[in-house]
Amino acid sequence: MSSGGAIQIPSRLPLLLTHEGVLLPGSTVRFSVDSPRNMHLVKNRLLRGTSLKSTIIGLIPNTRDPEHEADDLPTLHKVGTAGIAVQVVGSNWPKPHYTLLITGLCRFSVTSLLKERPFVLAEVEQLDKLEQYTSPASDSVTTEDGELGELSQKFYQAALQLLGMLDMSVPVVAKFRRLLDSLPRETLPDVVASMIRTSNKEKLQVLDAVSLEERFKKALPMLTRQIEGLKLLQKTRKASPDNEKRVLSVRKGGVFPGRQFNLDEDDEDEDGDDMLSLEKRVHAANMPEAALRVCLKELKRLKKMPQSMPEYALTRNYLDLMVELPWSKSSKDRLDIQAARTLLNNDHYAMDKLKRRVLEYLAVRQLKASLKGPILCFVGPPGVGKTSVGRSIARTLGREFHRIALGGVCDQSDIRGHRRTYVGSMPGRIINGLKTVGVNNPVFLLDEVDKLGKSLQGDPAAALLEVLDPEQNHSFTDHYLNVAFDLSQVLFIATANTTATIPPALLDRMEVLQVPGYTQEEKVEIAHRHLIPNQLEQHGLTPQQLHIPQDTTLDIITRYTREAGVRSLERKIGTICRAVAVRVAEGHALSSPDSAPQSPMHQDGKAAPPEMPIVIDHVALKDILGPPPYEMEVSERLTLPGVALGLAWTPLGGEIMFVEASRTEGEGQLTLTGQLGDVMKESAHLAISWLRANAKRYELTNMGGAPDPLEGTDIHLHFPAGAVTKDGPSAGVTIVTCLASLFSGRLVRSDVAMTGEITLRGLVLPVGGIKDKVLAAHRAGVKCVILPKRNEKDLEDLPANVRAELDFVSAVNLEEVLNAAFDGGFPGKCGGRPLPQLMSKL
Ligand code: ADP
């Protein structure tokens, strides 16, 4: 600063609202800021400015409770300190914040607020004269007569006495001694008050004392108290060199950046308020005995730790988490089966079996409060409403809902947390979820348990086991917490696409509820009852503005989507809504030939709003969604011998699958393509062996008409889509049919699809996923499904309309399959020799 002359601080100052400390003129204090306003101030002012003036800001102690920081500006404290930012350090850990090193210059008061956003800017009036701080030891006060002179002399003497009690060999003390003589007397109350141990409240009193006399009066008792305390300490501890050192521990703040005398350990800390409130919160958190003991121990450690130590933040974070966890906070269950039934029915169409089981589950819970029942696991293709049923269950119970996505989790610390010895250690997802919901009895949806991975960092499934086991989970120990947390009140629900990849031990703990795909009719209902109204609302449209007729919906379902659930259907409806929203906003009618003609233009020349509602017909649909990606292709592709239609099951639902075969001259080799697994390859060999063995009976020949179909012939079997890996025995009957068609030169019926495992003797064995497969056949427009006899019972699960619309042939052996697959039976009209009936003995 310039020498001589009164220095004026700028009359407009950006204001920093500080919670954690009070800056007095003449001292340097480190502040951590993270509130939006303060962050803006640092970003827009301190980091952007280039002049010295731009580094001067005003600090106003915020006396309001920081917990209740609202968006609106609190009433500002009447006196603040203008300060110069000496250093700005930004960090993102544990949350974005800046640390500012600020040296106090002088007091000011706010005369008017200029703006509140993005940071506070105010017109200020300077209260202290700045030149006095910069001129060398002035004795303006000492020469003054009267009370003030006396006071300042007394204060000076007391400060000297304090220094006399400290060890001069410590550089900080020596520097303070030098400063004491070179500083103007009137600055002493501020400087000393910020160096000795004073609480924030006391510092605030010194700051508020605008008149010098009052300032001396306020600071003197604090100084005397410090001296008395030190005397007592020295007396009781027999001043050993050790103690001297302890007396001078390094504290934050003070005249020297980052330093302050810590004159008495038992004295009130300036973080005391903060610690006190943390301690109160620890006691108020109502945690179990063991956790409380750990917390108190950590708290004790924390109190002894300087804030600059990295461990301070770690311990602090840990304690904050412990305090926030809902150890004994729970929401009240509201269990009314009648209401639950209504709510489930209102939220979801169809899925009766699932809804029934969920209601049973809830009913048992109502009768027996502490249910150690199985964990429900909804298994089914994507988009069939597994998550949304989970959400409904939480709603019927009046509980909080939290979804934990497990897809791709391959580290057990994801579930159980990292030990606190790691840098950046965190609690696991379970504890984090509990912190988020704030109660200990939420509904946790463990999404995609079938997609848990495994890695060197331990098996997450093993950690989940502990979470889900009712015998163990009352004392679940997260590595980060390192104390047990009772999870027994949490209601866990899991979802998966398939049970095949769920670790067996985990599967054992769960009750699997299959959620199969929907039929077209169900999808139309779901669309009209739920998806369309939801999407309309999400896009700000009303039924008066957009109408999607039922056959358009059916068109979307059959030609624009091919899925078991309704997720892409929902997306397509969303696309339509967006397109219509643009039209509505623009005020144009949709360019559909048979939609109503445009209304006449308004007088002002603007286009009139479109005729409402905009009806989405087939033309409009094509306009918006483009040409349909899926056409009914079944009948078209069965126009050659050597093609048959199979049914496959994938975790995404059932699918139809064409099996194609061709033959060329060769040496009897079989080529298989389409990324087949071993089981499928074996099925192909089985099929060929069986056909060769029965070639005569079924009049199968090679290309030249010889009775062995493989003689001088190479065969190629292909399973589209070539990029998808396929495996499983259920394609057996399809391969046989396809080859029989190839060897006999006859076409397979174009409206037949089939599934079933085969044996070498020609029996047809049952397979899984019948419901999904039949639904896929129905979706694809197939009329007849051939399936193993022993799968007949699975047909009961099918919706009545699907059963009515499809013909089912349940086959015991391959002969029955072939007879149903070819028009007029197989080997056709001429083949008449009846064979002894083969019956399965399995
Ligand atoms: P999943 O968890 O099985 O993959 P979601 O629960 O995310 O599927 O469901 C996808 C969307 O489909 C959601 O918007 C859901 O509300 C809707 N949905 C699915 N099934 C039904 C149904 N039976 N009735 C009403 N809406 C449904």
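**A chat about strands and a ligand**

Visitor: In what order do the five strands of the open sheet come?

Guide: The order is β8-β9-β12-β7-β13, and the pairing is parallel. Strands here are DSSP E runs of at least two residues, and helices are H or I runs of at least four, numbered from the N terminus; two strands pair if DSSP finds at least two bridges between them. This is a predicted model, where local features need pLDDT of at least 70 and side-chain atom pairs 80 or more, while totals for chains, interfaces and linings use all residues. Residues are numbered from 1 along each chain as its sequence is written, and side-chain values use heavy atoms, without hydrogens and water.

Visitor: Which strands stand at the edges?

Guide: Those are β8 (401-405) and β13 (510-514). Each has a single partner strand, so one side of each lacks a neighbour in the sheet.

Visitor: How many bridges join β7 to β13?

Guide: Five bridges join strand β7 (residues 375-379) to β13, and the two run parallel. Across that pairing, F378 stands opposite L513 in β13.

Visitor: What about β3: parallel or antiparallel to β1?

Guide: β3 (residues 56-61) runs parallel to β1, and four bridges join them. There, L16 stands opposite L59 in β3.

Visitor: New topic, the ligand! Which residues around the ligand come nearest?

Guide: Y349, G383, K386, T387 and R567 come nearest, out of 18 residues around the ligand. A residue counts if one of its heavy atoms lies within 4 Å.

Visitor: Which helices each supply at least two residues of the shell around the ligand?

Guide: They are α15 (386-397), α20 (520-538) and α22 (567-586).

Visitor: How far is an oxygen atom of the ligand from an N or O atom in the side chain of K386?

Guide: That distance is 2.8 Å, a polar contact (a pair of N or O atoms within 3.5 Å). An oxygen atom of the ligand also lies 2.9 Å from a polar backbone atom of S388, and one is 3.2 Å from a polar backbone atom of V384.

Visitor: How much of the ligand does the protein bury?

Guide: The protein buries 86% of the 560 Å² that the ligand exposes when taken alone, by the Shrake-Rupley method with a 1.4 Å probe.

Conventions: Polar contact = N/O pair within 3.5 Å; in protein donor to acceptor, adjacent residues only side chain to side chain.
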